[in-house]
Amino acid sequence: MARDGVVLAVEGVSKSFGALAALTDVSLSVRQGEVFSVIGPNGAGKSTLFNVVSGLYAPTAGRVSFLGREITGLAPETINRLGVAKTFQITNIFPEISVGENVSVASQSRAAVSGRLASLWRRADVEARVTELLEAFGLTAKRDELAENLSHGEQRYLEICLALATEPTLLLLDEPTAGMTPGETRGATALIKKIALARGLTLLLIEHDMSVVMGISDRIAVLHFGEKIAEGPPEQIRNDPRVIEAYLGPPEA
Amino acid sequence: MDYLVAVLLPQLLHGLVFGAALGLLALGLTVIFGLLGVMNFAHGELYMMGAYAGIVVIGVTGSFWLALVAAPVIVGVLGAITEAATLRPLYRREPLYGLILTFGLALVFREGVRQIWGGDMRRILPPFTGSTPLLGMTYPDYRLFLLGASSVLLLAIWLFFTKTRAGIIVRAAVQDAEMLDGLGVNVPRVFTLTFAGSAALASLAGLLLAPVFTVYPQMGVEMILLAFIVVILGGMGSMGGSVVAAFVIGLAQSLFSLWMNPQRVAIAIFGIMIVVLIVRPRGFFGREGVLE
Amino acid sequence: MSRVFGWRSAVAFAALAALPWLPGVPKYYLLLAFDALLFGAIAMSLDLLIGYTGLVSFGHAAFYGLGAYATAILLERGILSLWACLGFAIVVVGLYAAVVSYFATARRGIYFALLTLIFAEVVFTFFRYTQTFGGSDGIQGLPDALVFPGVAIDTPARKYYLVWVYLLLAYAVCRVLVTSHFGRVLVAIRENEDRARFLGYNVQKYKMLACMISALLTGLGGAIYPIRAAFATPDLMLWTESGEFIISVMIGGLGTLVGPIIGGVFFTLLRDKVSSYVDWYFIVIGVVLVVIVLFLPKGLLGLRRALGFGRWRATA
């Protein structure tokens with residue numbers, strides 16, 4: 001285990017696309033078992049941060065380490081195998097196969113035999129885990145349905161199931177409640193928190209809607225134009241004048 | 001020195017002309033790929049039909065210049081009809097269907113031409129035959145005209161894409177086709193017109209090169225393979241990259257043929273492609289993004 | 001094993017095995033049946049890539065032709081053992097396929113189609129212009145291969161059984177693959193490649209492996225062709241040949257195994273009839289392809305299913 005219980009350490013990460021700086025010198029550390037949220041207005045660089053952590057982009061500067069091991073610039077599949085799973089803001093599932101198959105493909109990538117030649121053709125027994133995950137998200141009845149036929153809310157849950165099926169230590173959630181009604185959002189938030197606790201997961205959550213994260217986060221960092229402008233527990237963030245300014249614009253003179 | 005003037009310079013000139021023609025084809029491919037998500041296998045056949053349309057118009061009117069205007073119009077209209085009738089229903093389907101569909105279209109066009117005009121090699125005579133002394137050598141006037149015409153054409157295309165509203169919209173859509181929906185433009189019409197435009201350019205290249213090369217139903221197949229290599233080398237989706245790569249391949253093709261027989265040239269060009277792919281997997285101007 | 005072979009496929013293979021015993025089947029039809037089953041088996045191998053993994057190869061003719069040349073080169077030099085020919089074909093096709101699949105799977109989508117096509121054209125050009133291998137005439141007038149010393153594959157019936165065994169093996173391999181975990185991951189890659197990567201799958205490795213398997217099966221099919229035809233020519237590697245494999249897959253239906261076999265058989269019979277009466281054969285083929293893509297994207301089997309004879313399943 002990593003020293004000081006730090007699961008994910010982002011140190012001085014910058015990322016630019018040509019002349020556009022999407023992230024500038026961002027640092028944060030996520031500790032074992034906490035729910036850490038990154039918020040900020042649209043275009044603040046939250047998704048870019050996720051993409052750097054999960055391996056889609058290599059950062060222009062800085063380093064990322066997971067459980068004390070540097071993962072900067074590794075491929076997404078390698079980072080996932082180390083124990084970092086990610087959900088997508090825009091639902092990203094396997095549309096034309098069944099819900100059960102979706103989860104079992106994901107689950108299989110962690111089966112005991114995986115990596116060996118035998119795993120290519122033998123299906124390890126993942127049924128129990130698939131059943132358990134579908135149960136937890138209330139999708140048991142939809143097991144044989146094609147994933148594309150699920151409702152939006154159910155697809156969001158399936159999205160999380162896929163990530164959880166790879167048995168991560170750290171789960172990155174990119175606006176998990178995007179497109180849900182306020183009622184659904186409350187239910188989903190409570191469910192996510194409950195599952196994280198039960199599995200001893202560390203959560204890193206991205207949101208642009210502040211109300212979602214206030215209730216479940218242990219700590220919150222705020223990004224604005226690619227820079228971190230604040231970090232702290234929810235009540236501190238709620239009252240930080242710079243955060244209020246970032247969200248509401250500068251106070252009237 | 002004599003070698004330089006008598007052999008190398010004409011070959012360089014030829015390479016530039018050939019590169020410009022390849023550039024016209026590759027640009028069309030790139031724009032269609034960026035916009036419709038379809039790699040058009042029938043593009044070489046549009047190039048070939050430009051030459052045959054030219055033969056027909058010249059046969060009727062006796063004028064090469066009239067053909068130069070009429071052929072792109074004829075092939076452009078054919079392109080527009082083809083796009084509206086066959087590609088439009090595929091917009092929301094997976095790209096592999098577009099690939100297979102245009103492969104089928106290529107077969108129909110190529111064999112259709114063979115049925116109508118036969119499989120023989122044909123020639124189009126250049127509209128003028130003189131030659132001009134330049135840098136200690138004499139060059140056929142038509143080749144100089146070709147170089148001028150293709151340069152003007154590429155310049156005009158560049159101006160279209162940078163200075164006109166229509167051009168800027170198409171160029172932006174090549175980068176990100178979904179942004180079109182937000183602009184309130186008539187998407188199907190933009191697609192059809194763009195396809196017609198790329199067909200017209202391909203046919204123009206076919207007709208312009210016809211007096212230098214020969215005309216036969218298979219001529220498009222050989223060009224399209226080179227054009228594919230150009231598109232890959234330039235970086236998929238990069239219009240500037242396509243033009244640069246076209247000149248690289250055009251020059252390489254004509255310089256290599258000084259020292260090698262044609263099949264060795266083909267293999268050498270393929271070798272260039274492999275080396276570039278090893279050194280720069282995304283081609284000359286490919287954009288970043290692991291999962292593009 | 002029951003998972004691999006249902007009773008229906010057992011009956012089908014038994015019926016195919018009985019074909020040479022039917023009274024009054026002319027030799028010509030046995031050889032046509034050879035071509036049909038060979039084409040079907042290759043289309044099935046190709047569908048591992050197109051239908052299951054979502055990769056369109058426009059270069060399968062090169063795998064096919066290389067296999068054919070491997071056999072032809074040995075037979076021409078008096079090495080008549082079937083097993084030597086097959087082994088040599090596996091080595092040659094395997095080496096070539098390893099290079100092609102490495103480069104072609106490095107990037108996504110369309111890129112695979114273009115690179116397989118370009119590689120195949122280079123192989124075609126090489127054989128077309130290399131006089132050692134007969135140039136444009138290829139290698140002609142080959143002797144019969146031997147299964148064992150003294151047992152030659154010389155009659156149409158024996159040749160037919162050769163392709164029958166090949167089809168059986170290819171079908172068994174494909175069937176095991178698509179019902180295995182490997183096949184399930186291939187379908188997941190087809191459905192959503194990005195997501196598969198973020199679930200920890202090394203997508204390129206899976207694609208390369210799928211491409212290698214498909215190429216080797218196709219190469220083995222190529223390797224038995226000269227045993228029936230007594231020649232190998234560069235035309236076997238022409239890109240229109242690759243196109244014909246794709247057409248067979250499309251006719252039969254993407255993402256199934258039986259579909260492309262039927263498609264390949266149907267296509268071979270169509271070609272045999274149409275090309276002998278009509279010289280605009282390629283136009284017919286082109287129109288068929290366009291019509292299928294526009295109106296029957298799941299092929300003839302898809303048509304059957306669309307009419308209500310069972311649901312289309314991507315994974316089996």
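**Helix packing and a sheet**

Tutor: In this predicted model, helix 3 (residues 99-108) of chain A packs against helix 7 (residues 181-191) of chain C at an angle of about 115°, their axes lying 10 Å apart.

Student: How are two packed helices described?

Tutor: In general, one gives the angle between their axes and the distance between the axes. Here, helix 3 of chain A and helix 7 of chain C are therefore roughly perpendicular to each other, and their crossing is left-handed.

Student: Which residues of helix 3 of chain A and helix 7 of chain C make the contact?

Tutor: Helix 3 of chain A contributes Glu101(A), Val105(A) and Gln108(A), while helix 7 of chain C contributes His181(C), Arg184(C), Val185(C) and Ala188(C). By class, this contact of helix 3 of chain A with helix 7 of chain C has three nonpolar, two polar and two charged residues.

Student: At what angle do helix 11 of chain B and helix 5 of chain C pack?

Tutor: Helix 11 (residues 262-279) of chain B and helix 5 (residues 110-129) of chain C pack at about 150°, with axes 10 Å apart. These two helices are therefore roughly antiparallel to each other, and their crossing is left-handed. From helix 11 of chain B, the contact takes Gln263(B), Ala266(B), Ile267(B) and Phe270(B); from helix 5 of chain C, it takes Ile118(C), Val122(C), Thr125(C), Phe126(C) and Tyr129(C). The classes are seven nonpolar, two polar and no charged residues.

Student: How many residues does each of chain C and chain B give to their contact?

Tutor: Chain C gives 32 residues and chain B gives 29 residues. On the side of chain C that touches chain B, helix 5, helix 10 (239-252) and helix 12 (281-295) of chain C each supply at least two residues. The largest share, eleven residues, comes from helix 5 of chain C. That side of chain C divides into 25 nonpolar, five polar and two charged residues.

Student: How do the strands of a sheet pair?

Tutor: Strands of a sheet pair through backbone hydrogen bonds, either parallel or antiparallel. Chain A has an open sheet of four strands in the order 2-1-4-5, with antiparallel pairing. Strand 2 (20-31) and strand 5 (69-70) of chain A stand at the edges with a single partner strand each, so one side of each has no neighbour in the sheet. Strand 4 (residues 61-66) of chain A pairs with strand 5 of chain A over two bridges; Glu70(A) in strand 5 is the bridge partner of Ser65(A).

Student: Which strands of chain A does helix 1 of chain A lie across?

Tutor: Helix 1 (residues 46-54) of chain A lies across strand 1 (6-17), strand 2 and strand 4 of chain A, and runs at about 115° to strand 1.

Definitions and conventions:
Residues numbered from 1 in each chain as written. Chains lettered and ligands numbered in written order. Predicted model: local features only at pLDDT ≥ 70, side-chain atom pairs only at ≥ 80, totals over all residues. Pairing = 2+ DSSP bridges. Contact = placed C-beta atoms within 7 Å. Axes fitted to C-alpha atoms, helices over the stretch in contact; angles between N-to-C directions. Parallel < 35°, antiparallel > 145°, perpendicular 65-115°, else oblique. Left-handed = near helix turned anticlockwise from the far one by under 90°. Nonpolar A, V, L, I, M, F, W, Y, C, P; charged D, E, K, R; others polar.
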